Amino acid sequence: MPDDNIHNNPWAEGSNTEAFELDRSHVFHSWSAQGGLNPLVIASGAGTKVWDFDGNVYLDFSSQLVNTNIGHQHPKVVEAIQSQAAVQATLAPQHASLVRGRTARAISELAPPKHHKVFFTNGGADAAENAVRMARIHTGRHKVLSFYRSYHGNTGSAINATGDPRRWPNEYSFGHVHFFGPYLYRSAFHATSEGEECERALAHLEQVIQFEGPKTVAAVMIESVVGTAGVLIPPPGYLQGVRDLCDKYGVVYIADEVMAGFGRTGKWFAYDNWNVDPDLIIFAKGSNSGYVPLGGVIIQDDIAATFDDRVFPGGLTYSGHPLACASSLASIKAMQDEGIIEHAAWIGDNVLGPGLRTLAEKHPVIGEVRGLGVFWALDLVTDRATREPLAPYGGTSEAMGVLTKGCIARGLLPFANFNRLHVVPPCVVTEDEAKEGLALLDQALNEVDKYYAGS
Ligand SMILES: Cc1ncc(COP(=O)(O)O)c(C=O)c1O
């Protein structure tokens with residue numbers, strides 16, 4: 001499927017065998033025991049599709065790690081990186097540059113009105129890290145409260161703020177406290193309605209703040225829509241309730257928009273779905289679809305002012321890297337010009353949502369369908385009555401293996417976590433591609449129906 005862009009390009013020459021053998025000999029992978037890995041070779045892509053050197057094409061319903069919001073190889077973003085590289089390929093963070101300033105302005109204009117400054121990082125984890133650093137210094141307090149069901153990145157405070165099991169072998173930062181967020185399907189509060197779940201989850205958070213000692217709590221850091229831990233859509237009123245509790249106790253509200261931001265939920269930021277106004281907003285992935293590593297913190301004016309006369313004790317060699325900034329600026333402009341955010345919302349409302357609910361009528365292993373925009377999860381169960389997960393918390397199962405292998409064998413790249421399959425294509429996925437992906441998923445689910453043990 002190679003197109004004109006990569007014809008006669010030496011960087012495009014190679015084979016599946018060479019790429020696989022080089023990887024297995026020399027590349028050390030994330031979050032894995034290295035011995036049994038069998039990575040899929042990907043040579044290139046365009047839009048919602050990727051392919052290998054033999055021309056096998058895959059529909060990318062994972063957006064890689066839920067980051068290629070604008071799709072693969074968007075020509076305007078690729079062109080911006082190439083043009084910026086010709087002018088200025090790198091620049092130390094202490095200097096001023098047009099591309100960095102323009103990108104900071106463009107990103108802060110997407111945020112609520114009292115946010116004018118951006119601290120750029122290399123990705124999401126260091127964005128979380130620096131937001132926590134700002135909140136701790138701004139408040140003079142040390143504790144950070146975050147959901148058990150969450151992921152915030154793999155570095156010091158970010159991995160300790162994380163709730164999921166990746167935190168367990170990494171607990172070497174201090175002052176992190178976890179609490180339960182709203183998740184009606186598996187309610188920690190025995191709630192039976194969204195309203196009850198919202199009210200009880202907020203009462204729980206307030207109790208945690210009180211029992212931890214409000215004067216010790218610097219920040220509540222939460223994903224506006226919890227991503228990897230389940231695509232958990234907060235009930236109406238929950239995020240505003242968090243905002244109100246933060247105001248009541250003088251706590252900084254950090255919105256983690258690393259996965260949910262930049263179009264994934266059909267809005268620029270996921271909190272826009274509920275019109276809340278966080279203090280610090282952390283972003284990465286969709287801000288430039290990961291074409292060059294980039295993340296950052298959008299900073300509310302009062303918190304930024306804390307560091308007017310006081311040194312901010314943090315920094316990165318590549319903060320505001322020109323190629324990363326150029327790719328983000330071009331990506332934001334393309335999203336605006338091409339109506340990509342609105343398209344993502346439309347696909348969610350009209351194709352993915354209804355299509356996944358139809359699949360749930362057919363496949364009893366689908367316990368719950370939830371999502372917004374191009375951000376969906378299937379909560380898979382062995383029994384709808386008991387809601388027993390199709391794989392245990394923190395683990396996998398034969399059934400989940402059959403499902404993910406079945407998707408890949410049919411040319412669909414899935415995103416799976418524990419007992420869930422996430423349906424997270426790029427925001428640019430067309431109606432036909434979305435329907436094609438749902439049809440392939442339907443076939444893969446046929447192979448999993450046998451694991452259903454309920455009546
Ligand atoms: C919500 C959230 N926050 C933070 C991160 C960390 O981002 P990165 O992997 O770029 O460090 C991730 C990554 O998946 C994420 O989903």
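1. Charges. The protein has 35 positive and 50 negative charges, and their mean positions lie 5 Å apart.

2. Basis. This is a predicted model: local features need pLDDT of at least 70, side-chain atom pairs count only at pLDDT 80 or more, and totals for chains, interfaces and linings use all residues. Numbering runs from 1 along each chain as its sequence is written, and side-chain values use heavy atoms, without hydrogens and water.

3. Fold content. The protein holds 13 helices and 16 strands (DSSP runs: H or I of at least four residues for helices, E of at least two for strands, numbered from the N terminus). The radius of gyration is 22 Å, close to the 23 Å from the globule rule for 455 residues, so the protein is as compact as a globular protein of that length. The radius is taken over C-alpha atoms; the rule is 2.2 Å times the number of residues to the power 0.38. The C-alpha trace spans about 60 × 60 × 40 Å along its principal axes.

4. Burial. Of the 455 residues, 56% are buried (under 20% relative accessible area; exposed is over 50%, partly exposed in between; 1.4 Å probe, protein chains only). Cys407 is buried at 0%. Cys427 is also buried, at 0% relative accessibility.

Terms used
Lys and Arg count as positive and Asp and Glu as negative; His and the chain ends are not counted. The place of a charge is taken as NZ of Lys, CZ of Arg, CG of Asp or CD of Glu.
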